[in-house]
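Look over the sequence and the structure shown here before reading on. The paragraphs below go through the model part by part.

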Amino acid sequence: MTALLEVQDLVKHYRSGGWLTGGAKTVFAVNGVNFRIAPGETLALVGESGCGKSTVGRTVLRLLEPTSGRVVFEGNDLSALNRSSLRALRRRMQIVFQDPYSSLNPRLTIGASVAEGLEIHRLLPRSEIPHRVGSLLEEVGIDPVMAERYPHEFSGGQRQRIGIARALAVEPTFLVCDEPVSALDVSVQAQILNLFVDLQQRRGLAYLFIAHDLAVVRQIAHRVAVMYLGVIVEEGEAETVIGRPRHPYTRALISAVPVPDPERQRMRIVLPGDPPSPTVRPPGCPFFSRCFHPSKNDRCTVETPPLREVDGRLAACHYAEILPAAVNGQQ
Amino acid sequence: MTLLDVRDLRLDFPVPGGVMHPVDGVSFSIAKGEVLALVGESGCGKSLTSLALLRLVPPPGRIADGSGISLDGVDLLGLDPGAMRQVRGGRIGMVFQDPMTSLNPVLTAGDQVVETVRAHLPVTRAEAKQRAIRLLTEVGIPDPADRFNAYPHQLSGGLRQRVMIAIALAAEPALLIADEPTTALDVTVQAQILELLDGLRRTHGMAVLLITHDLGVVAGRADRVAVMYAGQIVETADTGALFQRPSHPYTQALFASIPRLEGPVGRLKSIPGSVPQPSDWPTGCRFHPRCPFAFEPCASAVPPMFQPGPGHDAKCWLLDPARLAAGPRIFSS
């Protein structure tokens with residue numbers, strides 16, 4: 001398999017806060033992440049707020065500069081590119097944001113928003129742009145006669161479709177989708193997920209799909225990587241990771257998904273507290289403070305578990321082989 | 001015993017050339033200690049319904065004549081403004097979706113709890129502070145004495161929502177209205193908050209009106225469910241019955257659109273189109289333009305509530321006993 005995108009030892013730390021008091025802290029957002037995405041493939045990056053998943057998405061596109069590590073896209077090392085070659089390559093990699101309310105310019109008609117990329121990259125003669133905009137809107141399920149309207153005239157789901165048309169305008173091969181359905185109603189969420197699947201089949205797109213709901217992820221992802229405090233703690237085929245999770249954090253995430261089954265709702269793992277702040281890097285296993293694995297012990301507080309192969313996937317837990325029924329709430 | 005009774009609630013919003021009714025003839029009741037979930041898509045009128053219960057309908061909207069809301073037998077629509085203010089935050093507690101915008105950013109978390117305690121209970125400042133710290137402890141805030149002095153921006157989304165819940169509980173309400181209390185939160189934190197609400201209603205014997213668009217959130221949390229569409233309740237049932245046998249095509253469609261963790265992965269069944277605008281409610285059954293089973297009467301005649309089972313109501317012509325008696329169902333789901 002030739003990878004379309006390859007991410008190697010990606011690290012992103014930044015200084016945050018304290019500009020008045022001088023007490024700025026280092027945020028360890030991403031602490032060494034590796035993954036590959038093949039053409040036409042979907043990798044889902046899953047975790048709670050603050051785990052670094054959005055930072056990975058933005059660093060991959062070099063919207064943020066990585067602290068260290070490499071991002072190779074279509075054979076080009078992005079960190080080695082100058083501005084103009086990076087811009088040319090950006091045409092092939094686009095992003096769809098979570099909030100369709102704030103990611104469209106309210107003062108541009110939606111047609112003008114979709115046309116922007118075509119104009120910047122001079123992909124078409126000016127006279128052909130309106131026609132292309134119309135067919136892009138049609139492809140995402142918006143009536144082309146609406147091109148002259150403004151974002152506030154559309155619902156959340158429609159705005160998300162417009163954001164997708166805007167990303168598709170420059171004919172990318174790769175999309176970073178940053179929580180694209182989290183702000184939508186379940187019924188609309190289903191429409192947008194189906195649209196992503198259709199577009200992938202039609203255009204051979206690859207997705208880095210950032211999300212926190214594993215039931216959503218299961219609908220769209222070929223592979224899943226679960227992140228916690230800036231590192232990947234479990235990664236593998238979607239059916240393997242979601243069907244037979246090995247890392248206790250993945251199990252907790254699955255158990256938290258609200259499924260419409262009153263019986264199942266009674267067997268749940270509720271993780272205590274919030275994820276620890278990314279401004280501290282605890283020694284040993286990053287998940288230790290919230291871990292409920294019966295085998296957890298002092299070793300976990302000193303020795304960081306490596307991401308290693310267990311039962312057909314990668315998992316970063318010293319005790320990934322031990323899977324007591326009582327812990328595995330969903331089986 | 002009935003705690004809250006809502007009869008034929010209708011809201012009037014003047015628009016050029018007429019009046020529209022985003023909530024249009026809603027009736028339901030909640031017993032003491034019961035959890036009722038009000039479920040529907042954005043724009044179906046569920047949040048306006050909850051605001052109407054508190055008489056907080058944004059102007060120029062108003063509650064139409066002929067609507068009835070009573071709490072413990074007291075007609076809320078007849079109360080003077082001062083008495084109504086005592087009901088809000090007193091007998092009825094409120095938790096909204098977005099804890100960032102519903103908390104006051106320039107007051108500490110603790111002061112906001114104290115404010116509510118003192119507005120409703122005859123206690124001294126020191127007693128109010130004691131009580132506030134006890135409430136913060138009860139809603140699971142770690143180091144409550146420290147967090148008492150924290151401002152909302154210093155708290156995570158989950159902690160902010162816990163502060164909101166502490167404020168809502170301050171005067172020991174008989175009814176808690178929770179409007180999409182977990183929509184803005186991570187799934188893990190959502191699970192914590194739902195667990196917390198469940199525990200609190202058990203310990204305090206509080207009734208809860210849980211408003212959500214996600215039937216997954218309802219499972220195992222609510223005693224009964226009312227499904228709302230286009231300003232009206234279209235189906236009501238005990239949670240178990242509704243999950244086993246959703247009878248309105250809209251409820252069935254909502255279930256089909258939920259992604260599952262088990263079973264084969266297939267195309268999600270989405271509901272075609274979107275919720276109509278209140279200025280433009282369809283004739284007959286309001287769901288008929290999006291309904292896969294619509295037949296002759298649906299576009300012209302408003303269906304009454306039929307009873308597909310005991311304690312189970314659904315507003316759909318498919319359930320008309322006259323039609324069911326006439327022959328086998330020609331519409332399969």
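**Where the two chains meet**

The contact between the chains takes 36 residues from chain B and 36 residues from chain A; two residues are in contact if their C-beta atoms, placed from the backbone, lie within 7 Å. On the side of chain B that touches chain A, H8, helix H9 (215-218), helix H10 (239-244) and helix H11 (249-256) of chain B each supply at least two residues. The largest share of that side, 6 residues, comes from H8(B). Helices (H or I, at least four residues) and strands (E, at least two) are DSSP runs, numbered from the N terminus.

This is a predicted model, in which local features need pLDDT of at least 70 and side-chain atom pairs count only at pLDDT 80 or more, while totals for chains, interfaces and linings use all residues. Residues are numbered from 1 along each chain as its sequence is written, and chains are lettered from A and ligands numbered from 1 in the order in which they are written.

Next comes chain B as a whole. Its secondary structure comes to 12 helices and 14 strands. The radius of gyration of chain B, taken over C-alpha atoms, is 21 Å, close to the 20 Å that the globule rule gives for 333 residues, so chain B is as compact as a globular protein of that length. The globule rule is 2.2 Å times the number of residues to the power 0.38.

Within chain B, the axes of helix H7 (residues 157-169) and helix H8 (residues 187-204) come within 10 Å and cross at roughly 15°. Axes are lines fitted to C-alpha atoms, for helices over the stretch in contact, and angles run from 0 to 180 degrees between N-to-C directions. Because angles under 35 degrees count as roughly parallel, H7(B) is roughly parallel to H8(B). Among the residues that make this contact are B:Ile165 and B:Leu169 of H7(B) and B:Leu196 and B:Leu200 of H8(B).

Chain A holds an open sheet of 8 strands, in the order S6-S7-S8-S3-S9-S10-S12-S11, with mixed pairing. Two strands pair if DSSP finds at least two bridges between them. Strand S6 (93-96) and strand S11 (308-310) of chain A stand at the edges with a single partner strand each, so one side of each has no neighbour in the sheet. From one strand to the next, the twist averages 25°. Helix H5 (residues 156-168) of chain A packs on the sheet and touches S6 and strand S7 (174-178) of chain A.

Conventions. Angles under 35 degrees count as roughly parallel, over 145 as roughly antiparallel, 65 to 115 as roughly perpendicular and the rest as oblique.
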